[in-house]
Each structure stands twice: as structure tokens, then as C-alpha cells.
Amino acid sequence: MSVETYMSLCLHDPAEGYYATHPGLGAAGDFITAPLVSQMFGELLGVWAIETWVRLGRPDSLRLVEIGPGDGTLFADCLRVIRASTDFQAACEPWLVETSAPLRTLQGQALSRGPRPIRWATTLADIPDDAPMIIIGNEFLDCLPIRQTVWTGQSWVERNIGIDDGRTTSATLRFVTGPPRPDVSPAAAVGTVREDSAALAAFGKAVGALIARVGGAALFIDYGRDASGFGDTLQALRNHRKEHPLANPGLADLTAHVDFPAFLAAAGWAGAETGPILTQASFLRALGIETRANALVGKNPDAAGLIDRQLQRLIAADRMGALFKAVCIHSAGLTPPAFEART
Ligand code: SAH
């Protein structure tokens, strides 16, 4: 099977897929995300949403949508900030897009005490589209399945996954050479891997068309490239350790680096505008993360060391600050906060 089919099955197979059966976020699980590092992350996304609504001209009605909300921490931090703006809170209808049943349960628990009831959808297309939308997605795009292609010396061929059952008693999975792909990529060193994602392009197109139609903005933060390039980025994480992506199908989180230029191009073709690709550090700094950290330290002087470590984890170039990027898809004439710079 292709890497694309393998990724989809490993993550979403109803009986054995990772997200469908036993997703593990947090210290006791398999991986940690930015909102689990610090409350500052979700709070600043709340600030970003309020300011985007102001720049939209304060519409009376708006849908605030998080896609891929994990355990609900990000949305809870975001909605707590939104309580500070009565007008925005009155205008804003909160929605979550989630396919995972166990995570929907966790999200329901984390968000049970919010000011407005949360609604769930399985895809963006299930949300009514008669009002502007502000969409946020952190570490969602990296779950979208990719295909891999390898340069053999003569041509690009699909990298597939097959069964090696010749020598072992139990069958093991391994990468095998698939059919040639008619590809315009130039020659590269033998064995070079190239990735592309039809799912990422289709999602970019869907978000671009939606935002162009209803108005608003969509913010995505994830790890990935800001220029096209080669490389095998398929990665499995289990118990906070990287393991071979074929070692434990369905038991590990499986991701790939996001090709941000391809994602934004798809949204642009669908009619939306797109901003520059920012590093997570410059995005969070533009929203005032250092000021927020100082305020938290002022209220909890004993936690100064901890808060600084959390801040550094989010913005230091050798932690999440540079590998993670923030991008925005928005309607014509809107410049969302932090995306003013045309870099
Ligand atoms: N945003 C959260 C969680 C990231 S984990 C955080 O930052 O902590 C990825 C999330 O995306 C999970 O909630 C997973 O169930 C969801 N997800 C993965 N593929 C999806 C899809 N195709 N449609 C909707 N949600 C999906």
C-alpha cells in the first residue's frame, strides 16, 4: 500500500487507528503540543481571534472553529480570554471539528463550563456557512496523509509499504518500490525522498474557498517547511520517543512535516488571500508573549523559573520557535494580527 493509505489507516481506522482508539496527548501519553506546554499559547490565540474580529468590522455573528482540538486545552484557554470581551463573546458561536470519539469525550469534559455550548462537526463542510468564520488549527495539518516518491537514479517511483515475511515467523512491514510516478522533479541523489500530499492540497482548497465565501480568517500552526524541498519526514512518536514509522502501526502518532507553500497556494487558487509564513517565535512575539509571561510572573513570583522555561520551549529557535510555523488564510481586504509583515 502507499504511505498515504498506511498513514490514513494508522491514524483513523475505526478498529485500530491511533486517533480513533487511543490517542495519547500530554505527559502520560505520547506527545506534547504547545497548548500543553503553557496556557500562554491558547490565550494568545484568543487575543488573535478577538483582534481579527475587530479588524473584520465586529460582525454581530461569527463562528469560532477549532479543527483537531486534541484534549480541549487550547480551546479552553482561548475561550477564557474571550470572556474579557463581552461583545465578541456574544457574537461568537464556538465549534469543534473532530473525528476522534475518545478525544470528543475529553473535549466535552474540558469545555463543559464555558459560557456558550460547544457544537461538534466531523468536517469543516458540516458547519453552517451563513456567517464569517475564524478557524484555528494547531498540529492538525501534520496528520494529513502524504505520499512519498524515491529517485532511483533513472526515475521517481512511489515508495510503498509491503510485507517481508520470508525470514521471520511474524510478518514485518518494510518500504518497497512501487510504480513509477510521472514527475517533473529534477534528478536528485539516489534514494532521495520527495513528499507531496493530496489531502493537504484538498484541505487548503476547501479552507480557501470557505473563507473567500463567508469572510474571516484561518490560522494554522504546525511544524514544516517554508520552502519546497526534499526529505523523508514521516515520523512516529510513542511515549515521547521517536520510533520507526512501520514498527507499531496504530499504536504511535504518525505525522509528516507540512509543506506550507503548497498549502497556501491551494488556498490562494481557491480564491482566498494568504499571509507570509511566520516562525512560531515571531508569531507569538508579535502577539506579546513576552509581556504575557512577565504578567504571569508578576502574579506568581515563585513560578518565575517555570514560566521562563515554558516561554523558551515555545519560542527558542532550537526548541519549537523556528521549526514550527504560523500561516493565515483570510478574506480580501483583511490583514490579521501578526501577519502585517510581507516577508
Ligand atoms: N490541537 C491540539 C491537538 C493536536 S493532535 C493541540 O494542539 O494540542 C491532532 C488533532 O487532530 C486530534 O484532535 C485529532 O483527533 C485531530 N484530527 C486528526 N485528523 C483529523 C481529521 N482528518 N479531521 C478532524 N480532526 C482530525
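Author: The lining of the largest pocket has 22 nonpolar, ten polar and four charged residues. Here Ala, Val, Leu, Ile, Met, Phe, Trp, Tyr, Cys and Pro count as nonpolar, Asp, Glu, Lys and Arg as charged, and the others, Gly among them, as polar. The model is predicted: local features need pLDDT of at least 70, side-chain atom pairs count only at pLDDT 80 or more, and totals for chains, interfaces and linings use all residues. Residues are numbered from 1 along each chain as its sequence is written, and side-chain values use heavy atoms, with hydrogens and water left out.

First, the term. A pocket is found on a 1 Å grid over the protein atoms alone: it is an open set of points where a 1.4 Å probe fits, with protein on both sides within 12 Å along at least five of seven lines, and lining residues have an atom within 4 Å of a point.

Now the lining itself. It holds 36 residues, and Ile67, Gly68, Val97, Thr99 and Phe140 lie nearest the centre of the pocket. Helix 3 (34–37), strand 1 (62–67), helix 5 (73–82) and helix 8 (198–214) each supply at least two lining residues. Helix 8 gives the largest share, six residues. These elements are DSSP runs, numbered from the N terminus: helices are H or I with at least four residues, strands are E with at least two. The pocket volume is about 670 Å³, the space filled by probe spheres set on grid points joined across faces, edges and corners.

What takes up this space? The ligand does. By definition, more than half of its atoms must lie within 2 Å of the grid points. Around the ligand stand 18 residues; the closest are Thr33, Gly68, Gly70, Glu98 and Asn138.

Next come polar contacts, pairs of N or O atoms within 3.5 Å. A polar side-chain atom of Thr33 lies 2.5 Å from a ligand oxygen atom. His12 places a polar side-chain atom 3.4 Å from a ligand nitrogen atom. Asn138 uses its backbone: an N or O atom there lies 2.7 Å from a nitrogen atom of the ligand. The ligand on its own has 570 Å² of accessible area, and the protein covers 94% of that. Such areas come from the Shrake-Rupley method with a 1.4 Å probe.

Note on methods
Near = heavy atom within 4 Å. Polar contact = N/O pair within 3.5 Å; in protein donor to acceptor, adjacent residues only side chain to side chain.
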